[in-house]
Amino acid sequence: MSDEPTRTRLKLPTAYGAPLDSPLLDWSTVVERLQKAERYWLATADHHAAPISRPLDGVWLDNAFYFGGDPATRWRRNLAKNSRACLSVDDTTNPVIVEGLVFIAPLDEELAFTVAEVTQAKYGWGSVEQFKNETCVFRPLRCIAWIGLFQNATRFQFRD
């Protein structure tokens, strides 16, 4: 996967009144919003394709979102059957909506240390052992983001 996604103007219905001449967002601006968010929403689908959305904590590092949760939760059971998910920041004024895949696996020592360090700084909890044991890793495929009422509406596409 490339570090920098390609970006294009997000096509919205004319009735939305989105400006057609506002500049596109830079990926670095979106990354900053993903990193600074305190809470996120994760949407998954069950085996009947019924969607659910749950709030969670996590950290965005190197174009991936790291988080955890008990395997008995409905959203974790959903991910066991379908790794596709949608992640969004808890900000309806300046939304960032990311579609991607979730992998659940232990992290190597170095990455577990980094994720624990960032999680500790952000939330005051998180241990290397916790992330070495098992971590949910969200990898983006596509992202849309804008400011206010569709200013700078941008679509980002990652290589598969």
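These legends describe close-up views of a predicted model. Local features need pLDDT of at least 70, side-chain atom pairs count only at pLDDT 80 or more, and totals for linings use all residues. Numbering runs from 1 along each chain as its sequence is written, and side-chain values use heavy atoms, without hydrogens and water.

**View 1. The largest pocket and its lining.** The volume is about 200 Å³. A pocket here is an open set of points on a 1 Å grid where a 1.4 Å probe fits, with protein on both sides within 12 Å along at least five of seven lines; lining residues have an atom within 4 Å of a point. Strands β2 (40-45), β6 (84-89), β7 (96-105) and β8 (135-147) each give the lining at least two residues. Strands are DSSP runs of E, at least two residues; helices are runs of H or I, at least four. Among the lining residues are N82, R84, E99 and R142.

**View 2. The salt bridge of D46 and R74.** N and O lie 3.1 Å apart. A salt bridge puts a side-chain nitrogen of Lys or Arg within 4 Å of a carboxyl oxygen of Asp or Glu. D46 sits in the loop between β2 and β3 (51-56), R74 in helix α2 (residues 74-81), 28 residues away. D46 is buried at 15% relative accessibility; R74 is partly exposed at 32%. Buried means under 20% relative accessible area, exposed over 50%, partly exposed in between (1.4 Å probe, protein chains only).

**View 3. A network of E109, E129 and K132.** E109 and K132 approach to 2.8 Å, N to O. E129 and K132 pair at 3.6 Å. Both of the latter, E129 and K132, lie in helix α4, three residues apart. E129 is exposed at 53%, K132 partly exposed at 27%.

Notes
Points joined across faces, edges and corners; volume = space filled by probe spheres on them.
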